Amino acid sequence: MEKYQKYTGIVAPLDRANIDTDQIIPKQFLKSIKRTGFGPNLFDEWRYLDEGLPEQDCSQRPLNPEFVLNQERYKGVSVMVARKNFGCGSSREHAPWALEDFGFKAIIAPSFADIFFNNSFKNGLLPIVLSEEKVDSLFESVHADSGYSLEIDLENQVINCPDGESIAFDVDPFRKHCLLQGLDDIGITLEDADAIKAFESTYEKEAPWVFNAIK
């Protein structure tokens, strides 16, 4: 996982509440566990006018011109502002995979489903919780200004707006550390690689039959 750095990104507004994970990445695309390649099928049923199939060439599919991510003004987006309970539904980790693979680095909403919220941190995607009033204000700014962008500063836990306003947000210290250091669950474990090796070496002498069974 790459280290999370301060960046400025164009914002796309997805003005819907209770967006579930089947809408983020439909069930027919869940066969792969490679974490990559899901971006073209993000919001598949909303982005395209035909039915999406696994391993289909999405570049030739008819786009829905009404869907926000297909509009020219939101080309190259990396920040999304959405409504409450984003990421509800099933626990599929493919949802943050698809968002990250598409290019999103942060999702801003009044609330998130718990499992999606946790999975996002584990996959390099920053979910930011703001009040409904702040989210309303961001929606107004995005709609009013083509190419509206925000600077996301995770280190200082602030969102810097083009008009000079800075919006503070909370984040769990451990999750913040993992994002800044680029640590997923495997990376966290490998931080203790020397201690793990030392334990295995000692334990092999104490219980050699355990290791003989797996060699």
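Which residues form a nonpolar patch on the surface? In this predicted model, local features need pLDDT of at least 70 and side-chain atom pairs pLDDT 80 or more, whereas totals for chains, interfaces and linings use all residues. Residues are numbered from 1 along each chain as its sequence is written, and side-chain values use heavy atoms, without hydrogens and water.

The patch consists of Phe199, Tyr203, Trp209 and Val210, which together expose about 440 Å² of accessible area (Shrake-Rupley method, 1.4 Å probe). Helices α8 (193-206) and α9 (208-214) each give two or more residues to this patch. Patch members have over 30% relative accessible area and no salt bridge, and nonpolar side chains are joined within 5 Å; a salt bridge places a side-chain nitrogen of Lys or Arg within 4 Å of a carboxyl oxygen of Asp or Glu. Trp209, found in helix α9, is exposed, with a relative accessible area of 59% (exposed means over 50%, buried under 20%).

In helix α6 (residues 173-181), by contrast, Lys176, Cys178, Leu179 and Leu180 are buried. At the start of α6, a side-chain oxygen of Asp172 lies within 3.0 Å of the backbone nitrogen of Phe174. Just after α6, Gly182 adopts a positive phi of about 70 degrees.

Seven strands build an open sheet of mixed pairing, in the order β4-β3-β2-β1-β5-β6-β7. Its edge strands, β4 (126-129) and β7 (166-168), each pair on one side only; pairing requires at least two DSSP bridges between two strands. Strands β5 (residues 149-153) and β6 (residues 158-160) pair in the antiparallel sense over three bridges. The bridge partner of Ile152 is Ile159 in β6. Helices (H or I, at least four residues) and strands (E, at least two) are DSSP runs, numbered from the N terminus.

Conventions. Patch = residues over 30% accessible without salt bridge, like charges linked within 9 Å, V, L, I, M, F, W, Y side chains within 5 Å. Buried < 20%, exposed > 50% of the residue type's maximum accessible area, 1.4 Å probe, protein only. Polar contact = N/O pair within 3.5 Å; in protein donor to acceptor, adjacent residues only side chain to side chain.
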